[in-house]
Amino acid sequence: MTLKYGIIGSGAIGGYCGGKLAKAGKEVHFLFHSDYEFVKSNGLQIDSVDGDFHLAEVNAYRSTKDMPKCDIVLVCLKSTNNGLLKEMLPPLLHKNTIVILIQNGIGLESDLQKVFPDLNLAGGLAFICASKNEPGRINHQSLGKINIGAYSCSDISLLEEAIKDLNESGIDTKLVDYEEARWKKAVWNIPFNGMTVVLNTTTDKLMANPDTEKLLREMMIEVIEAAQHAGVKNIDSSLADKTIAMTKVMPPYSPSMKLDYDYKRPMEIKYLYSRSIEEAKKNGYDMVMAAMLEKQLQFIESQYLK
């Protein structure tokens, strides 16, 4: 089966994943925003720790209305832009299209399903350190793994075919339990995204300081306990130790929320913090530290988003 891919949000993660798929010979259609003209003229450059490559010819579009219907749509937008999906998705969809939300947070699929009740949805959790700091150029610094959990897919075989394509393209991808995947990713996201903003720093500096390392671990344990209250299996305090060990060997890194703060863009507070706290509360658990970070981030954002 030859699958047709659509990428909505061709930034760091979308550009990297779509670029790897295209390089492997898969049919990929990219939606670009500010760098559409640049990519149309110059192609897409991926600078990667696994080897640089350039795509001279890219199926680039300015609007989804001009794109073909796709079998798999990877949504790599910031979740702050998910309100746009109501208009953006329909031109890409056929009856069996699977939309994979490669975004951070809790409650994303649930909210989108309310807008598209019949949509086949999956959650994608990217463990990829990448950024896009100039038009048409992705900088892939480390890691390169995606976990995908089916949320409401009527045909799992199509999702398995996509996972096969991603692996063939050099992206280590596996099918995992949806709830487990979302909460396990939150164990990294909730501490590091917020703390790098509040303390205006990078992951390596947080890891080099015993006090902040201890605080980050305590926050991870809180997320793990929230996940356990949500009924997630296969998660315990050992994940906090693994997460800290993994982060210590990463190059100095500014998470996506820190970059949003640096460039004075809206931060993904809703799905990373507010919805996680809300879900935990429904399950009888209070995420006290996450709630404190949420309020600090809301204050910081209010100072530049007038």
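Student: Why does Asn234 count as exposed?

Tutor: In this predicted model, Asn234 has a relative accessibility of 61%. The exposed class begins over 50%, so Asn234 counts as exposed. The residue lies in the loop between α8 and α9.

Student: Why is Leu143 called partly exposed?

Tutor: Its relative accessibility is 36%. Partly exposed covers the range between the buried limit of 20% and the exposed limit of 50%, so Leu143 counts as partly exposed.

Student: Where does Ser237 lie, and why is it called partly exposed?

Tutor: Ser237 lies in the loop between α8 and α9. At 38% relative accessibility, the value falls between 20% and 50%, and Ser237 therefore counts as partly exposed. Leaving aside residues up to four places away in sequence, Ser237 touches Arg217, Ile221 and Ile224. Its C-alpha atom is separated by 41 Å from that of His33, 204 residues apart along the chain.

Student: Which residues make the contact between α8 and α9?

Tutor: From α8 come Glu213, Arg217, Met220, Ile221 and Ile224, and from α9 come Leu239, Ala240, Asp241, Thr243, Ile244 and Lys248. By class, the contact of α8 with α9 holds 6 nonpolar, 1 polar and 4 charged residues.

Student: How do you know that Asp241 and Arg217 form a salt bridge?

Tutor: The closest N and O atoms of Asp241 and Arg217 are 3.0 Å apart. The cut-off is 4 Å, so the pair qualifies as a salt bridge. This pair links distant parts of the chain, with Asp241 in helix α9 and Arg217 in helix α8, 24 residues apart. Asp241 is partly exposed at 40% relative accessible area, and Arg217 is partly exposed at 29%.

Student: What separates Lys258 and Asp262 along their helix, and why is Lys258 called buried?

Tutor: Lys258 and Asp262 are 4 residues apart in helix α10 (residues 256-262), which means a separation of about one helical turn. Their side chains meet in a salt bridge at 2.8 Å, N to O. Lys258 has a relative accessibility of 7%, and buried means under 20%, so Lys258 counts as buried. Asp262, at 35% relative accessibility, counts as partly exposed.

Student: How do you know that Glu279 and Arg275 form a salt bridge?

Tutor: Their closest N and O atoms are 3.8 Å apart, which is within the cut-off of 4 Å, and the pair therefore counts as a salt bridge. Glu279 and Arg275 are 4 residues apart in helix α11 (residues 269-282), separated by about one helical turn. Arg275 is buried, with a relative accessible area of 9%.

Student: Which residues are linked with this pair in a network of salt bridges?

Tutor: The network links Asp111, Lys114, Arg275, Glu278, Glu279 and Lys282. A search of the whole structure finds 22 salt bridges. Asp111 is one of the buried residues of helix α4 (residues 108-115), together with Leu108, Glu109, Leu112 and Gln113. The buried residues of α4 pack against α3 (85-88), β7 (98-102), β8 (120-134), α6 (178-198) and α11.

Conventions: Residues are numbered from 1 along each chain as its sequence is written. This is a predicted model: local features need pLDDT of at least 70, side-chain atom pairs count only at pLDDT 80 or more; totals for chains, interfaces and linings use all residues. Side-chain values use heavy atoms; hydrogens and water are left out. Contact means heavy atoms within 4.5 Å. Helices (H or I, at least four residues) and strands (E, at least two) are DSSP runs, numbered from the N terminus. Ala, Val, Leu, Ile, Met, Phe, Trp, Tyr, Cys and Pro count as nonpolar, Asp, Glu, Lys and Arg as charged, and the others, Gly among them, as polar. Buried means under 20% relative accessible area, exposed over 50%, partly exposed in between (1.4 Å probe, protein chains only).
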